[in-house]
Amino acid sequence: MTRHHITRRTFLTGAGMLGIGGLVAARLPGAGLAHAASGPQPLHHRIPGTDHALPAVGLGSWITFNVGNDPVLLKNCTDVMAAFFAAGGAMIDSSPMYGSSQATIGHGLAELGIDREQVFATDKVWTSDEDGGPEQIDESARRWGIRQFNLLQVHNMLDWENQLPLLQDMKAAGALGYTGITTSHGRRHDLLGIIMEREAIDFIQVTYNPLDRAVEDRILPMARERNIAVIINRPFRGGRLTKALRGQPMPGLAADYGAQSWAQLILKYIVSHPAVTCAIPATTRVDHVRENMAAITPMPDADKVLLPEGKERHAIARAIEAAL
Ligand SMILES: NC(=O)c1ccc[n+]([C@@H]2O[C@H](COP(=O)([O-])OP(=O)(O)OC[C@H]3O[C@@H](n4cnc5c(N)ncnc54)[C@H](OP(=O)(O)O)[C@@H]3O)[C@@H](O)[C@H]2O)c1
């Protein structure tokens with residue numbers, strides 16, 4: 001059987017996968033129960049309805065990891081991943097839409113010799129070809145250098161009527177840990193709500209930050225009600241928010257939560273929403289990945305991370321709006 005003749009049936013039964021990557025062969029790895037090599041552990045949030053938990057900050061890969069074969073840039077991405085795992089990070093998010101990012105992740109995992117249990121491999125299916133999902137997923141796994149994903153999401157809900165059942169069937173067959181759907185920039189929340197109501201899904205991925213709060217009205221409460229885990233993309237508005245805040249004095253309330261930078265205050269705001277499982281900032285910088293993970297890691301002299309609640313969260317959003 002060639003890669004171009006994988007049918008949905010052979011993919012799910014494994015006959016189409018074992019020869020080209022063996023996605024069904026292995027036991028699903030642990031759900032991101034990674035631990036930093038030493039020192040305090042990052043805050044974990046439970047995946048609703050399960051005994052598994054994920055660090056509340058993961059790592060995005062759009063643009064930042066699309067570096068092609070450039071050895072210097074590849075090494076830089078590997079360094080970012082090394083710092084992420086050293087700080088106890090687990091979820092890395094990618095997509096077949098992100099150029100060479102999947103291969104960059106695969107390169108980093110291999111270079112670093114990362115134990116499969118340490119990474120919560122999160123990717124997407126992104127095709128409007130109703131039979132195209134299996135082949136694309138298999139190619140994504142090959143690029144990562146793994147046998148199966150912890151989480152696969154229907155990217156931007158593209159062809160979700162065909163692709164979501166594929167992911168649900170893969171999960172039922174033991175070839176996938178969790179299913180999900182994504183959107184961003186506040187787009188198509190009506191459709192997102194309908195899918196959340198009608199379908200069995202484990203995760204949604206949406207945009208949320210102190211300026212983009214549309215999901216607070218309906219989507220986040222629905223996720224809580226329905227035990228759906230929530231991943232937050234574009235926590236820094238693609239970097240525009242942190243850039244706009246650069247050089248602005250930090251508000252006094254930042255110290256109450258141990259936030260030493262605007263980026264940390266934003267991440268604390270996001271992950272303190274009771275519906276949010278994790279945020280996935282992307283970065284090209286080792287110091288930034290450390291800073292982002294530090295936002296959810298207790299200070300050396302503390303036993304837990306300081307996070308805002310209720311009205312305090314509103315005060316943070318107002319302080320950020322005022323600083324712009
Ligand atoms: N529909 C979808 O499924 C969808 C849509 C959008 C995004 N996503 C996912 O979500 C991830 C995150 O979204 P995003 O990449 O669009 O935007 P983002 O994470 O909001 O912003 C990334 C930018 O933030 C900067 N940054 C990161 N940490 C920082 C820090 N501590 N201080 C200052 N700047 C910092 C980075 O610059 P430096 O390199 O200089 O650190 C980078 O340019 C994506 O990578 C992707 O995995 C999914």
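Q: What makes two strands a pair in this predicted model?
A: Two strands pair if DSSP finds at least two bridges between them. Strands themselves are DSSP runs (E, at least two residues), and helices are DSSP runs too (H or I, at least four), numbered from the N terminus. By that rule seven strands form an open sheet in the order β3-β4-β5-β6-β7-β8-β9, with parallel pairing. The model is predicted: local features need pLDDT of at least 70, side-chain atom pairs count only at pLDDT 80 or more, and totals for chains, interfaces and linings use all residues. Residues are numbered from 1 along each chain as its sequence is written.

Q: Why are β3 and β9 called edge strands?
A: β3 (91–93) and β9 (278–279) each pair on one side only.

Q: How do you know that β7 pairs with β6 and with β8?
A: Three bridges join β6 (residues 178–182) to β7, and five join β7 to β8 (residues 229–233). I204 of β7 is the bridge partner of I181. In β8, A229 is the partner of F203, and I232 is the partner of V206.

Q: What makes the crossover from β7 to β8 right-handed?
A: A crossover is right-handed if, with the strands pointing away from the viewer, the path from the first strand over the helix to the second runs clockwise. From β7 the chain passes through helix α7 (residues 219–225) to β8, and this β-α-β crossover is right-handed.

Q: Why is β7 (residues 203–207) called mostly covered?
A: A residue is buried if 20 or more other C-beta atoms lie within 10 Å of its own, exposed if 12 or fewer, and partly exposed in between, with C-beta atoms placed from the backbone. Five of the five residues of β7 are buried. In a regular strand the side chains alternate between the two faces of the sheet. On one side of β7 are F203, Q205 and T207, on the other I204 and V206, and all are buried.

Q: What makes a residue part of the shell around the ligand?
A: A residue is near a molecule if its C-beta atom, placed from the backbone, lies within 6 Å of it. The ligand is surrounded by 29 residues, the closest being G60, T182, N233, G239 and A282. Helix α10 (residues 286–294) gives the most to this shell, with three residues.
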